[in-house]
Amino acid sequence: MVAQVSPILSTRGAVSHGGGSGNSLQFPDASSPVPHHAYQSLYSLPAPDASPSSSLKAPLYSVAIDPSYTLLAACAADGSVHIYQRINSQEKQDAWTWYSTIKECSEPVWRAAWAPCDFGYMLATSSFDSKKVRVFETILFSSADQNAPPASVSDHKKHWVVRNSFEEHLSWLITDLKFAPRHLCGRLVLAMCSVEGHILMFEADDYKENNENLKRWSKLVCLNLNSNLSSLDFSMSTRNHVLLSVGSNREEFSDSTLHKTCLRVFGVSYQNDRTQGQKSIGLKSLDDHNLTIRTPVNQVAFGPSCGRSFGLLAVATSNMLIFRYRDSVFESPIVLSLPVGMTDGNAFWTLSWNVTGTMFSAATTNGRVFTWASNNGKNWKLVASKLF
């Protein structure tokens, strides 16, 4: 039994179009579309096999792949988060098998985000209709621990504990969340945005592996942008300053000192005053005419840099937009063209990059998926499309 996930999208590897061997990435020829079956491994997830009656019948709202590209978290409407593991063998290439299920929420789970690899297997989730953000961590039981689970399921990666739910900090519905890159400050920082227009950032106090310090978090940022926020994302490049992009899907930001736009990008800086024991994160808005977008933004995503001197930012609106930037200076957006009638007026809802930042896929609200490829970040060609 499989569950077809659409228009949810997460594409971390290059699309393979048959042939080849080993773990090499295969990029499609831009002159010919990728066969439709190339998408199947991304959209068919097996049902949890803990028992014959456990089937993946609840709708999935989003998926997230961890930075090591080995685990996938699928957020379900029944409050479950299903974890899948990537399998690479001679028999199966890039297949996903059910690994474990987190069932700590009574509300539908809307978003999930993995922490950087340096902090181990750690996952943050936000619920659709409650003001909670839960941080889960895997734990390792010793053989002498009386609380250890049965030996038949003693793999520590299958056991998740709730470290924090931020109930005392949150008064708004959280629409998206992301962990900051490790090179921002070397600490565990979680950012989130709300439907009421708030950007929040928290830092884990004195984090150490396999302890309970994740119960203590310091609030570093609480900024109100006076708009309904839909998505946020950090740039991951180490060659440029860390940037934070934020999108609104309802109305333009109402700050009269800035251009009316549904997209904002901030430069992020971390300050730690050890003499006074105060920590904070500074957000400096980039007042750039090229970032002006009048249509609602459903998702923003920075592309992996892979050592390039420039960065890429993809924005899902009524059209797909690509921004190139260097040293926090953005070029005019590239509007990706499509054949007439391909979207039928449906907006782009979600998107995901591959590991090299040379290819990305985006899905529209009617379940059609498009994939573009480019080597220089300027000339993007449509290489595949399919209606699910």
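How many bridges join S19 to strand S20 (residues 311–316)?

1. **Strands S19 and S20.** The answer is 4 bridges, and the two strands run antiparallel.

2. The chain averages a pLDDT of 78, with 73% of the residues scoring at least 70. Among the elements of the chain, S19 has the highest mean pLDDT, 96, while strand S1 (residues 2–4) has the lowest, 38. Over residues 10–43 the pLDDT is below 50, although this stretch has 73 contacts in the model beyond near neighbours in sequence. Residues 50–54 also stay under 50, and here the model has 4 contacts beyond four places in sequence. Where pLDDT is low, the predicted coordinates should not be read in detail.

3. **An open sheet.** Next, find the sheet of 4 strands with the order S7-S8-S9-S10 and antiparallel pairing. Strand S7 (109–114) and strand S10 (160–164) each have a single partner strand, so one side of each is left without a neighbour in the sheet. From one strand to the next, the twist averages 30°. S7 pairs with strand S8 (residues 122–127) over 5 bridges, and alanine 112 has threonine 125 in S8 as its bridge partner.

4. **Two cores.** The largest nonpolar core holds 22 residues, of which Leu188, Leu190, Met192 and Trp217 touch the most other members. Among the elements that give two or more residues to this core are S8, strand S9 (133–138) and strand S12 (189–194). A second, separate core has 20 residues, including Val189 and Phe234. In soluble globular proteins, nonpolar side chains tend to be buried together.

5. **A histidine to check.** Is histidine 198 buried or exposed? Histidine 198 lies in strand S13, and its relative accessibility is 10%, so it counts as buried. Leaving aside neighbours within four places in sequence, its contacts include Trp172, Met192, Cys222 and Leu229.

Notes. Residues are numbered from 1 along each chain as its sequence is written. This is a predicted model: local features need pLDDT of at least 70, side-chain atom pairs count only at pLDDT 80 or more; totals for chains, interfaces and linings use all residues. Side-chain values use heavy atoms; hydrogens and water are left out. Two strands pair if DSSP finds at least two bridges between them. Axes are lines fitted to C-alpha atoms, for helices over the stretch in contact, and angles run from 0 to 180 degrees between N-to-C directions. A nonpolar core is a set of buried Ala, Val, Leu, Ile, Met, Phe, Trp, Tyr and Cys residues joined through side-chain atoms within 4.5 Å. Buried means under 20% relative accessible area, exposed over 50%, partly exposed in between (1.4 Å probe, protein chains only). Contact means heavy atoms within 4.5 Å. pLDDT is the predictor's confidence in each residue, from 0 to 100.
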